[in-house]
Structure formats: C-alpha cells, structure tokens
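I opened my notebook for a slow walk through this one. Here is what I looked up, entry by entry.

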Amino acid sequence: MLDNKYTVTFRLAIAGDNYKTSTGDKNDSVAGHLWYVLHKNGQQILSSGFQSLNHKPFDEGAVTNHDEKNYISSHPESSITIQISQEQYETLIKFGDNNGTNAKSMGFSTDEYDVLTHNCVHYVFHALKLIGYKSSNPINLN
C-alpha cells in the first residue's frame, strides 16, 4: 500500500488580475492576493485565504475557501508547491476551515482586515508558522 502524499501550493495573484465575486461579477484585484491550496494524492482538498469582507482596505476580515476557483488570471509561475507531512496537512486543513473560527482559535484574528498590517500575506505567513516554517521577513509578518 502506498503512503499518502500531501502538498501545499502557495498561489499569487497580482494587482489587476481578474476574480469572480460571490455574485458572479468580474473584478480586478487592486493589490493582488495570496492563498494556499492543499492537495492529497494530487486531488485538491482545500483552498484558503484571507480577505476584506466588503473588498475595502480597512474592513471586517473573512477567511475564504473560494480563491482557487474565483481567481481567473492567477499566475502558475508565481506559485510554489511543497510536500508536507500528514500532521502539517491536518494543521492547515484545520486552520483554513470553518469560516475563520479555527483560524481564530489558532492565533490569527479574523475580526478585521487591514491592507497594511493584517492581510492575506499575514494569513499565509501565520499558516507557515503553524507548520514549523520561520519567517525572516524584514517587515515582521508574525
């Protein structure tokens, strides 16, 4: 019997990339976006990111599980996939699921979105920290 293979892909959309809103309208991303996608044995299991609830720079925050299907023109060349352990996979599943409730219990506040200090990049860096990766980023993305 083969062991399961777990991977996570970190995906990047740049400013100007198109995405579909919850109403099906197409918009251009103002600042770009970062999210992660989990796979088990090559099958997509979960997409997770953090965004402004009302698409404003300072707003209520929201965990989203629709980025992978809603970003129309993301860039595969700006993505990276790494193999992870089952434990890391389960941690990221938990962190990205349950409409942000789990993220809050795991140390990431989803109450507010701040384009400068609490955004999608901070969300992904927090996810990385949870699975054991340390940031040496000079802007201190804790």
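**Ground rules.** I count two strands as paired if DSSP finds at least two bridges between them. Helices (H or I, at least four residues) and strands (E, at least two) are DSSP runs, numbered from the N terminus. I am looking at a predicted model, where local features need pLDDT of at least 70, side-chain atom pairs count only at pLDDT 80 or more, and totals for chains, interfaces and linings use all residues. Residues are numbered from 1 along each chain as its sequence is written, and side-chain values use heavy atoms, with hydrogens and water left out.

**Strands.** I began with S4 (residues 33-40) and S5 (residues 43-52), an antiparallel pair joined by 6 bridges. Trp-35 stands opposite Gly-49 of S5. Their hairpin leaves 2 residues between the strands, and Asn-41 there has a positive phi near 55 degrees.

I then followed S5 on to S6 (residues 58-64), which runs antiparallel to S5 through 4 bridges. Ser-52 has Gly-61 in S6 as its bridge partner. This hairpin has 5 residues between the strands, and His-55 takes a positive phi near 60 degrees.

S6 also meets S8 (residues 112-114), again antiparallel, with 3 bridges. I noted Glu-60 opposite Glu-112 of S8.

**Burial.** I call a residue buried under 20% relative accessible area, exposed over 50% and partly exposed in between (1.4 Å probe, protein chains only). S6 is mostly covered, with 5 of its 7 residues buried.

Is Ser-48 buried or exposed? Ser-48 counts as buried because its relative accessibility is 0%. Ser-48 sits in S5. I listed its contacts (heavy atoms within 4.5 Å). Leaving aside neighbours within four places in sequence, they include Trp-35, Val-63, Gly-96 and Tyr-123. The Ser-48 side chain reaches the backbone oxygen of Gly-96 at 3.5 Å.

**Helix H4.** Among the buried residues of H4 are Cys-120, Tyr-123, Val-124 and Ala-127. Asn-119 caps the N-terminal end, with a side-chain oxygen 2.9 Å from the backbone nitrogen of Val-121. Just after H4, Gly-132 has a positive phi of about 100 degrees.

**Pocket.** On a 1 Å grid over the protein atoms alone, a pocket is an open set of points where a 1.4 Å probe fits, with protein on both sides within 12 Å along at least five of seven lines; lining residues have an atom within 4 Å of a point. Grid points are joined across faces, edges and corners, and the volume is the space filled by probe spheres set on the points.

The largest pocket comes out at about 740 Å³. Of its 31 lining residues, Tyr-19, Gln-51, Ser-52, His-55 and Tyr-71 are the closest to the centre. Elements giving two or more residues to the lining include S5, S6 and helix H4 (120-130).

Technical notes: Polar contact = N/O pair within 3.5 Å; in protein donor to acceptor, adjacent residues only side chain to side chain.
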